[in-house]
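Okay, thanks everyone, I'll keep this short.

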Amino acid sequence: MDPLARIGLLLFVLLGLHTVDHAFNQPARDLPALGGVVGLLGFLIVAIAVVLALLGNSAAPEAAALAGAATVAGLLVVHLLPDWTPLSDPYWNFDANALSWVLIAAPFFTAIWLNRRRRPPPRRRARSGLS
């Protein structure tokens, strides 16, 4: 399996676990509806990047970089920065336990890894001495 697809699938699963953490491990609170839309768009962007990588599409590295950057930005804006936008649900505002912090850190750093991952350029065939 293509490394971009593998890392993208890992990111997708980690984002899913982060979502489950919201539902079952975190205290009940009013979450911004727009935050859910942003999360859903994040899943969609990552899924498209994974499909492109699985298909060997030439746009896969750019899609992976976009998915990684969008995920990092989304997690920063929604969960890691102070309460300053309508999207904010900062982990600093409630007693997030260690599992919640792991399930925010893991997709964050996986997204950085995905963003920085590049396919090696295709190898050129050696020219023979005959022309």
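So, start with Gln26: not counting residues up to four places away in sequence, it touches Asp21, Tyr91, Phe94 and Ser100, where contact means heavy atoms within 4.5 Å. Before I go on, this is a predicted model, so to speak of local features we need pLDDT of at least 70, side-chain atom pairs count only at pLDDT 80 or more, and totals for chains, interfaces and linings use all residues. Residues are numbered from 1 along each chain as its sequence is written, and side-chain values use heavy atoms, with hydrogens and water left out.

Where does Gln26 sit? In the loop between helix 1 and helix 2. Gln26 counts as buried because its relative accessibility is 8%, buried being under 20% relative accessible area with a 1.4 Å probe, protein chains only. Its side chain makes polar contacts with two others: the side chain of Tyr91 at 2.8 Å and that of His22 at 3.2 Å. By polar contact I mean a pair of N or O atoms within 3.5 Å, one able to donate a hydrogen and the other to accept it; residues adjacent in sequence count only if both atoms are side-chain atoms.

Now, helices; these are DSSP runs of H or I, at least four residues, numbered from the N terminus. Helix 1 (3-24), helix 2 (33-55) and helix 3 (60-80) each give at least two residues to the lining of the largest pocket. Which helix gives the most? Helix 2, with nine residues.

Note on methods
Buried means under 20% relative accessible area, exposed over 50%, partly exposed in between (1.4 Å probe, protein chains only).
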